[in-house]
Amino acid sequence: MTGNRQGTRQGAGGYGGNHIDFHGGLFTGPVIGTGVQNNHYAAPRPRASLPHQVGVIPPRADSFQYRAEAGRLRETLTGGEAAILVGQDTVRGQVLVGMGGVGKSQLAADYARTIWRAGEVDVLVWITAGNPAAVAAGYAQAAVELLGADPADFETAARAFLAWLEPRAGQHPVRWLVVLDDVTQPGDLNGLWPAPSPHGRTLVTTRRRDAALRGHGRHMIEIGLFTPLESVTYLTTALADHGRTEPDNDLAALADDVGHLPLALSQAVAYLIDADITCAAYRSLLADRATKLADATPEEDALPDGQTHPTAAAWAMSIDRANTLRPAGLARPLLQLAAFLDPNGIPDTVLTSPAALAYLTDHATAAGHDQGPVTPERARMAFRALHRLSLADHTPDAPHQAVRVHQLIQRAVRDTLTPDLHHQTAHTASDALIAAWPDIENDTTVAQALRANTEALTACAETALHSPDAHAVLYQAGLSLGEAGQVTAARDHFHHLTQTTTSHLGSDHPATLTARHNLARWQGAAGDPAKAATAFAALLDDLLRVLEPDHPATLTTRHNLAHWQGEAGSPTSAAGALAELLDDLLRVLGPDHPATLTTRHDLAHWRGSAGDPTGAASAFADVLTDFLRVLGPDHPDTLNTRHNLARWQGAAGDPTGAASAFAELLEDFLRVLGPDHPDTLNTRANLARWQGSAGDPTGAATAYADLLTDRLRVLGPDHPDTLTTRGNLARWQGEAGDPAGAADAYTELLEDFLRVLGPGHPDTLTARGNLARWQGEAGDPTGAADAYTELLEDFLRVLGPEHPNTLTARQNLAYWQGLAGEATGAVTAHAELLEDFLRVLGPDHPDTLTTRANLAYWQGEAGDATKAATAYADLLADFLRVLGPDHPSTLTTRNNLAYWQGAAGDPTGAASAFAELLTDCLRVLGPDHPNTLTTRNNLARWQG
């Protein structure tokens, strides 16, 4: 039946200005408008009796399950059912909003069907509201059925229905629900919203989030994805309906793969059944980068639940519409760029970086939307356009996760790109990540977000990131992992990168060699310095073959090889290798090149580690002069040199001077790098250490407690530096008089070391050693000896018999065996150990001298005081020669010599020796140092 007017009329009000075609319905004709009307007379139509339904509610989806949103919808839509039934509340309208495929229509249908069957409404009108014409036609149909309106005059009929919904005095109340499903644009409902009524409810479903949908008291309900439990429940039930079962872990993994999107889950089930494949096989199909999303969904004529679009096509119209919103032409390229990044959150700084803005400018211009260079503000407006169409979530308050895009939308967008555009977009995303990466990762949350985005980018575009070369972001992500303390993850990252660069670029390509260099570094940091040294040695052979001996990469590799040789327990070899390298650097780069200065710096360190702390301090003082001249006082390398100079001053016997130097240095680190820079935090740690060594263990414990608070905040609880700080805090708590508390703290700390670094990491082994020590100090020497016995086996297995840490573990085992009552056994163990120290470290190494001191002590404890005194006298001569008269170890040796002189029958000589020693302790250590107080105590004893 057709109205008797011709053409399209645009009126000054009402619904004028839009052309509407009604296809397949009762009417065709123009939109409701104003103006001259041709009268049409028809016989009155019978009115339907109540209750009455207009329109068809979509059928219930197979395996439909109750969701939390259903209860929330019922509660928020009505404000309480009782209030609606008695007219105590006015519900203006509720809007279900969410991305395509989350099940908005199914939730609305479930709600409508539920209250209809419960008799809670007298009139239910369901309208598929894709455009204003469809809404008007639905209202007209309701007027025809309920009011007996003339179907030929649908404009009048639609207005009559809207007027009938308005409450009027004296009118018999009719309870109604109007559902406007899948509204495309907010403007489509201008003038078509049902009037507020205490007896009526309006429910809208849409992908739009525009403010226009929220106005006039309407309430918006965000519909999200299935929860993991809901996803697995759905898959289990849907497959069971077809006589299929799959393992729960496979179903959970599939739900993760499709991002818990209800539409994707239902189509996945249909595909599994139609193709007769397992869940695992379907997941493999999805994971295949050569497979498009459309190829992993059912044929369009075989979609389940009456669906009209496969997953891949569910968002195409929304993307087209978003791209027309202001700023026109930016939403699509922005979504293309976001499609390569982390679906869980993309930092604002990435999508507004210069690389991203240039990409948006080029693509907008190419599409005919040339408005000049895109600014960050216009890019953020494009975020909002995607947000309004539920294609993305934009959260400005969380800049490190400002934009979220569902993983299937991302994949569908990537599937539309040509190979060239795919490659270009992947490289732009990589450049944008590099541009957003801070030089100093003070904000761990931002660093984690950037790493997650790099991981997502690599997963979908790894090949592109290796053409024509390996992109810098691949290396940056691994370095960020290591610097964040995730050393094992950094090692694994570079192991994978080494494999991919070898595969894509070849084994001799510079990118592959660089990946191997980083792999070797993080192998060492992850607890295997010997393997790192071996890897650097192999890399050096290849660099000498591929490059030149004087190439910077070759020289750098020699430097790192020397470092890890030292870390693997051979400081003398490290010092020798660096000395040879220094000669070549002086020849190739000159004396003032930063690499030359750094090599001198590290050579000084390994000389100190090889047993010459005084020489190390002197060498650091010399190189500091040149760093100041070449780089200036505030350069990080200059500050780091001051840091190491202070450290070796302390090791050379001046803990008070070291503490003072670190206090001065801390002021400069705070000024230059700020309070949260890792080097600033390390300086605070060393200041606390030398405060303790200078005689203030309580102050050291307090300083470490303060530092721990900041490291937890800046680095997090599992960073190795945080764990080390906990260990140092426990140590100085013990030194301050609470050995039991120290043991308890190390017990808790050891659990975290085992969890974070694993049982074979050197730091874990060190924590076990410290726990054993404080167990002994707390009164259990036998337990300490047993713990060191077990620990020694692991040191031998992990580090080898000649590593300094292994030798130290043997020394501690012998010490606690002696305290456990086996003095003779301690003598034998120390005598054997001394032979190995002499062979491995040499006669003048501090650890060798300490072993001689312990041997002398246990000789005295085993009953031979005279032999002990003689051994201490011989040892004192070497301490004086090697460390000097004021070194704390020299003073301690004089203390022990005096004691055993007295024990050997010369109390007068002992008293005289302690009196002389006290004078030097007062001068060197001060009157309040624990060693000074001990000396006064010993003097009093032997005077008596």
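Predicted model: local features only at pLDDT ≥ 70, side-chain atom pairs only at ≥ 80, totals over all residues.

Visitor: Which strands do six bridges join here?

Guide: Strands of a sheet pair through backbone hydrogen bonds, in a parallel or an antiparallel manner. In this case β4, residues 176-183, runs parallel to β5, residues 200-206, and six bridges join the two.

Visitor: What is the order of the strands in the open sheet?

Guide: The six strands follow the order β1-β3-β4-β5-β2-β6, with parallel pairing. At the edges stand β1 (52-54) and β6 (219-222); each has a single partner strand, so one side of each is left without a neighbour in the sheet. From one strand to the next, the twist averages 15°.

Visitor: Which helix packs on the sheet, touching β1, β3 and β4?

Guide: That is helix α4, residues 132-147. The direction of α4 makes about 150° with that of β1.

Visitor: How should I read the nonpolar interior?

Guide: In soluble globular proteins, nonpolar side chains tend to be buried together. Here the largest nonpolar core has 122 residues, and Leu177, Trp315 and Phe340 have the most contacts inside it. Helix α8, residues 262-275, gives the most to this core, with seven residues. A second, separate core of 33 residues includes Val54, Val135, Ala157 and Val183.

Visitor: Which residues does Trp315 touch, not counting those up to four places away in sequence?

Guide: Among them are Met99, Arg207, Leu261, Leu391 and Leu408.

Visitor: Which residues other than glycine have a positive phi?

Guide: Two cases may be cited. His260 has phi near 60° and is found in the loop between α7 (248-257) and α8. Ser390 also has phi near 60°, and its place is in the loop between α14 (376-388) and β7 (393-394).

Visitor: Is Ser390 buried or exposed?

Guide: The cut-off for a buried residue is under 20% relative accessible area. Ser390 has 5%, so Ser390 is buried. His260, at 12%, therefore counts as buried.

Visitor: How many salt bridges does a search of the whole structure find?

Guide: The search finds 43. In one of them, the side chains of Asp393 and Arg209 meet at 2.4 Å, N to O. This pair links distant parts of the chain, 184 residues apart, with Asp393 in strand β7 and Arg209 in the loop between β5 and β6. Arg209 is buried, at 10% relative accessible area, whereas Asp393, at 32%, counts as partly exposed.

Visitor: What separates Arg671 and Asp668 in helix α27?

Guide: The two are three residues apart in α27 (residues 655-672), so about one helical turn separates them.

Visitor: Which residues are linked in a network of salt bridges?

Guide: The network links Asp508, Arg516, Asp542 and Arg545.

How values were computed
Residues numbered from 1 in each chain as written. Heavy atoms only, no water. Pairing = 2+ DSSP bridges. Helix = DSSP H or I, 4+ residues; strand = E, 2+ residues; numbered from the N terminus. Axes fitted to C-alpha atoms, helices over the stretch in contact; angles between N-to-C directions. Contact = heavy atoms within 4.5 Å. Core = buried A, V, L, I, M, F, W, Y, C linked by side-chain atoms within 4.5 Å. Buried < 20%, exposed > 50% of the residue type's maximum accessible area, 1.4 Å probe, protein only. Salt bridge = Lys/Arg side-chain N within 4 Å of Asp/Glu carboxyl O.
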